[in-house]
Amino acid sequence: MDNDIEPPNPRVILIAGGFTGIVAPGECGCRLGDLMPCGVDSYYRDGATGIPKGCQPGYAHSDPAGGPDWVVSTKKEPPTKDDFDMWVNAT
(Lines give C-alpha, C1' and ligand atoms only; values in the text may rest on other atoms or scores of the structure.)
Protein backbone atom coordinates (compact mmCIF):
# COMPACT_ATOMS: atom_id res chain seq x y z
CA MET A 1 0.00 0.00 0.00
CA ASP A 2 1.28 3.45 -0.97
CA ASN A 3 1.57 5.78 2.03
CA ASP A 4 2.72 8.80 0.04
CA ILE A 5 0.76 11.85 1.08
CA GLU A 6 -0.17 14.22 -1.71
CA PRO A 7 1.43 17.63 -1.04
CA PRO A 8 -0.94 20.56 -0.66
CA ASN A 9 -1.79 22.46 -3.83
CA PRO A 10 -1.17 26.14 -3.08
CA ARG A 11 -3.28 27.27 -6.07
CA VAL A 12 -6.37 25.51 -4.70
CA ILE A 13 -5.82 26.97 -1.24
CA LEU A 14 -5.31 30.50 -2.60
CA ILE A 15 -8.34 30.35 -4.90
CA ALA A 16 -10.53 29.01 -2.08
CA GLY A 17 -9.44 31.95 0.07
CA GLY A 18 -10.16 34.50 -2.66
CA PHE A 19 -6.48 35.35 -3.20
CA THR A 20 -4.90 36.02 -6.59
CA GLY A 21 -1.23 35.54 -5.73
CA ILE A 22 1.44 35.35 -3.06
CA VAL A 23 3.85 38.00 -1.85
CA ALA A 24 7.08 38.14 0.12
CA PRO A 25 6.65 41.71 1.40
CA GLY A 26 9.45 43.97 0.28
CA GLU A 27 10.90 41.30 -1.99
CA CYS A 28 8.68 39.77 -4.69
CA GLY A 29 5.24 38.56 -5.64
CA CYS A 30 3.65 35.96 -7.90
CA ARG A 31 0.28 35.84 -9.62
CA LEU A 32 -1.76 32.63 -9.73
CA GLY A 33 -1.06 32.21 -13.44
CA ASP A 34 2.70 32.05 -12.81
CA LEU A 35 2.90 30.82 -9.25
CA MET A 36 6.39 30.29 -7.80
CA PRO A 37 8.47 30.74 -10.97
CA CYS A 38 11.48 30.91 -8.67
CA GLY A 39 11.19 27.13 -8.26
CA VAL A 40 11.17 27.08 -4.47
CA ASP A 41 12.09 23.61 -3.24
CA SER A 42 9.38 21.87 -1.22
CA TYR A 43 11.73 21.91 1.82
CA TYR A 44 11.20 25.67 1.98
CA ARG A 45 7.41 25.49 1.74
CA ASP A 46 4.84 25.51 4.49
CA GLY A 47 3.67 21.93 5.01
CA ALA A 48 0.01 22.88 5.44
CA THR A 49 -0.36 25.17 2.41
CA GLY A 50 2.55 24.47 0.06
CA ILE A 51 3.25 28.21 -0.02
CA PRO A 52 6.94 29.15 0.31
CA LYS A 53 8.02 30.15 3.80
CA GLY A 54 8.25 33.92 4.00
CA CYS A 55 5.41 34.39 1.50
CA GLN A 56 1.86 35.36 2.32
CA PRO A 57 -1.37 35.05 0.36
CA GLY A 58 -2.00 38.27 -1.52
CA TYR A 59 -3.86 40.09 -4.24
CA ALA A 60 -2.46 40.91 -7.69
CA HIS A 61 -3.11 44.46 -8.90
CA SER A 62 -2.63 45.77 -12.42
CA ASP A 63 -1.10 49.14 -13.21
CA PRO A 64 -3.81 51.78 -12.53
CA ALA A 65 -2.41 53.76 -15.47
CA GLY A 66 -3.05 50.81 -17.81
CA GLY A 67 0.60 49.85 -18.26
CA PRO A 68 1.97 46.30 -18.35
CA ASP A 69 3.30 46.25 -14.77
CA TRP A 70 1.61 44.61 -11.80
CA VAL A 71 2.21 44.15 -8.07
CA VAL A 72 1.01 41.71 -5.44
CA SER A 73 -0.03 43.14 -2.08
CA THR A 74 -1.45 41.74 1.13
CA LYS A 75 -4.26 44.31 0.75
CA LYS A 76 -7.33 43.49 -1.29
CA GLU A 77 -8.00 47.09 -2.29
CA PRO A 78 -5.91 48.32 -5.23
CA PRO A 79 -3.01 50.64 -4.43
CA THR A 80 -3.11 54.30 -5.36
CA LYS A 81 -1.15 55.24 -8.47
CA ASP A 82 1.59 56.77 -6.27
CA ASP A 83 1.89 53.62 -4.14
CA PHE A 84 1.86 51.42 -7.24
CA ASP A 85 4.62 53.49 -8.86
CA MET A 86 6.67 53.40 -5.64
CA TRP A 87 6.41 49.57 -5.43
CA VAL A 88 7.25 49.04 -9.10
CA ASN A 89 10.23 51.38 -8.95
CA ALA A 90 11.55 49.76 -5.75
CA THR A 91 12.11 46.40 -7.46
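A salt bridge here is a side-chain nitrogen of Lys or Arg within 4 Å of a carboxyl oxygen of Asp or Glu. This is a predicted model, in which local features need pLDDT of at least 70 and side-chain atom pairs count only at pLDDT 80 or more, while totals for chains, interfaces and linings use all residues. Residues are numbered from 1 along each chain as its sequence is written, and side-chain values use heavy atoms, with hydrogens and water left out.

1. **The salt bridge.** Searching the whole structure turns up one salt bridge. Lys81 makes it with Asp85, and their closest N and O atoms are 2.7 Å apart. Both residues belong to helix H2, four residues apart, or about one turn of the helix. (Helices are DSSP runs of H or I with at least four residues, strands are runs of E with at least two, and both are numbered from the N terminus.)

2. **Exposure of the pair.** Buried means under 20%, exposed over 50%, and partly exposed in between, using a 1.4 Å probe and protein chains only.

3. **The sheet.** Four strands form an open sheet in the order E2-E1-E3-E4, with antiparallel pairing; two strands pair if DSSP finds at least two bridges between them. Strands E2 (28-31) and E4 (70-73) are at the edges with a single partner strand each, so one side of each has no neighbour in the sheet. From one strand to the next, the twist averages 35°.

4. **E3, E4 and helix H2.** E3 (residues 56-62) pairs with E4 over four bridges, and Ser62 has Trp70 in E4 as its bridge partner. Helix H2 (residues 81-90) packs on the sheet and touches E3 and E4, its direction making about 100° with that of E4. Contact means heavy atoms within 4.5 Å; axes are lines fitted to C-alpha atoms, for helices over the stretch in contact, with angles from 0 to 180 degrees between N-to-C directions.

5. **The E1-E2 hairpin.** E1 (residues 21-24) and E2 are antiparallel, joined by four bridges, with Ala24 partnered by Cys28 in E2. Three residues lie between the strands, and Gly26 takes a positive phi near 80°.

6. **Cys30 and the core.** Cys30 belongs to the largest nonpolar core, which has seven residues, including Leu14, Ile22 and Ile51. Such a core is a set of buried Ala, Val, Leu, Ile, Met, Phe, Trp, Tyr and Cys residues joined through side-chain atoms within 4.5 Å. Leaving out residues up to four places away in sequence, Cys30 touches Trp70 and Val72, among others.
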